[in-house]
Every structure is written in structure tokens, then in C-alpha cells.
Amino acid sequence: MKSLPVKIIYLLLCLGISSEIWGQSLVDDANLASGGSSEGNTFQETIKIISNSKKIFILTNNNQLLGPGDFISLALENKLAARAVVGKSHQGQVGIKILKIYSMAQWTKLRRNSEVQIIRGDDSGFGKKAEPKTEENKVARIKSEEDLYTGDVVDDASGLIEESKNRHIKPDNLISIAGAYFDANEIPSRGGKMRSVMFGASWAYQFTDNYFLEGVYGRALLDNYPADSAQTLVNHLVARIKYNFKGPAYTFLMPYIGFQSFTVSSPDAGKGTSASQNEEELATINDLKKTGPVFGVTLMRRLVPGWFIKTDLGSDVVNLGFSIEF
């Protein structure tokens, strides 16, 4: 029994030594992968998803060799295509962000569900010189999963990716779908209001840094309006100009001004048996037809790279929907 304390001390010493050996931080792993080893490991993985911007890829991790912070290169036919960094590993797959394009010819061949060569760490064995350790390269390294949502770590000395660092949303285009309530006054003899759902779609184009031109189309169908067994179709067109401000927690604020127009189609309006009711129906339909200036604000929050939840709060519409950048 006297030897028990000695065994415990010996065990603690072993654990302490092993922690010194294996307690390598994520930063150490990243530095090793980015040039600390003389040659990297090469193996095959499959591309599962490519984002619209082609900056974010989801790959299989069947070899279990990839982890957050690993710097890797993608190659086809033993020719380098791009340099990337692993941002996240989850359920046998990894998310990577492209840092540099080596060859546009190889880059354009990358496709979903195709196998690609992975070079983990130093890729000089493929004929590329290891990048010198400069202050610029230190800034370009990914520091956390949040960097997958920004363009700050992209290094494109070749000029193949044309992006402005002043843009809060990098791509030129945003397409959106949304839903809103549309209210219409009933004819005076019936009283009250008719409510329907208006579905809408929009396309916004970033013509210069953070300035967007947007076209919006909305459609609402009113049943039994302005009379029983009648239908009224309302089309809503809006043109807007917006400016994008960046907010906290992946949010964006876009004040806008613009011009709207409502067009209305109601073939059965004014065809009843009563002259007074017919007059009321036609007047009610004409009240829905309006044009004029609008103003408001669009609020957006990024959900995942490329996807946003959005709401428009304006004099033209109050809605809720989703947006995709490309």
C-alpha cells in the first residue's frame, strides 16, 4: 500500500508530459499547415456543395484528416486550382473558404459531386513556392468561424476575383421573395375591409459600392370583391434606390426612396343589377389604383453565407421574406 502514492505521482507525471506533447493550439495547427511542414499530405475528397459566389465549399472528410484551421490546396489532374482554409468540421464534412485562385483553367473545372485532390499544408511539392511569412499573410489568416461570413481573408493577388473592400455585401445581386397582407376597403353599402395575402419578388442590383437599384413586383388576388362571385387582381410595382449600412451581428440597414404603381383588374366590377351598387363597385376599384413616391427601410440579417432574412418597413409595403446574394 505504501507504493500507491508513488504510482499516483508517476501517473500524474505521465499525464503532464503527454499534455505538453499533445496540447497544441488551433493557432499552432494553422501555422504548421500554412508552411511549417516540408511537404503536405495528399488525398482525395468529394465536393458536396459550392456556394453561389464560389468562395465557400463543403467537402467530405472521409479521410478524417481535415480540421478547423487547416490550410489546404485543391488540385485536379495534379495541377493546383486554389488555396483554402478549413473553417468548420461537422458530421463527416468540412466547410472551407477559398483564399487564392492558382489557375483559372483548373478553377472552372470544379463541380459538385466531383472528386478533388487535397494537399494539406505545404503545397510546394506541386510546383508552387511556399508563401513568405509577411505581415500581410498574417492578417489574411482565418481566426474564427465568423471569418467565413466576411471577405477579409481572401487573398487574390492574381486579380481573378474582382471585389471592392468597401462593400458591406460583396456580390452585385440580391433576389428576394416575401409575403405581406393587402387590405382593401369594401364598397360603402357593405362596409368593412377585405384582407388578402400579397406575394412579392424583388431583384436589387448593386451598381456602385453599397448603392442598390431594386425592382419589386407584388400580386394579391381578392375573392368575392367588390361583390359576391367577383375576383379582383392587384398588381404592385415599385422602383427603389437604396443605400446599405452595416449593423451589428451580421445585420444590414437599407433606407430607400422610390416610386410605386398599383394596377387593378376586376372584370366583374360594375355589372350588378343595381345602378347605385355598380357605381360603388367601380369607385372602390378606382380607389385601389394609385401611384406615387414611397420611402422606407429594409432590414436584413445574414443567416448563412449567401442567405438573409429580410423585412421591408415602408409606406409602400410591410412584409417578411428571404434574400439570396449572387
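Two strands count as paired if DSSP finds at least two bridges between them. With that in mind, select strand E4 (residues 79–90) and strand E5 (residues 93–101): they pair in the antiparallel sense over eight bridges. Zoom in on His-90, whose bridge partner in E5 is Gln-93.

Before going further, colour by confidence, as this is a predicted model. The protein averages a pLDDT of 81, and 76% of the residues score at least 70.

Now zoom out to the barrel. Six strands close it in the order E1-E2-E5-E4-E3-E6, with antiparallel pairing. From one strand to the next, the twist averages 45 degrees.

Next stop: side chains. The largest nonpolar core has 20 residues, and those touching the most other members are Phe-57, Leu-59, Ile-72, Leu-74, Ile-96, Leu-110 and Ile-118. Strands E1 (41–50), E2 (56–60), E3 (71–76), E4, E5 and E6 (115–120) each supply at least two of the core's residues; E5 gives the most, with four.

What does Leu-74 touch beyond four places in sequence? Its contacts include Phe-57, Leu-80, Ile-96, Leu-110, Val-116 and Ile-118.

Finally, select Tyr-225, Val-234, Ile-285 and Leu-288, which are among the 13 residues of a second, separate core.

Methods. Residues are numbered from 1 along each chain as its sequence is written. This is a predicted model: local features need pLDDT of at least 70, side-chain atom pairs count only at pLDDT 80 or more; totals for chains, interfaces and linings use all residues. Side-chain values use heavy atoms; hydrogens and water are left out. pLDDT is the predictor's confidence in each residue, from 0 to 100. Axes are lines fitted to C-alpha atoms, for helices over the stretch in contact, and angles run from 0 to 180 degrees between N-to-C directions. A nonpolar core is a set of buried Ala, Val, Leu, Ile, Met, Phe, Trp, Tyr and Cys residues joined through side-chain atoms within 4.5 Å. Buried means under 20% relative accessible area, exposed over 50%, partly exposed in between (1.4 Å probe, protein chains only). Contact means heavy atoms within 4.5 Å.
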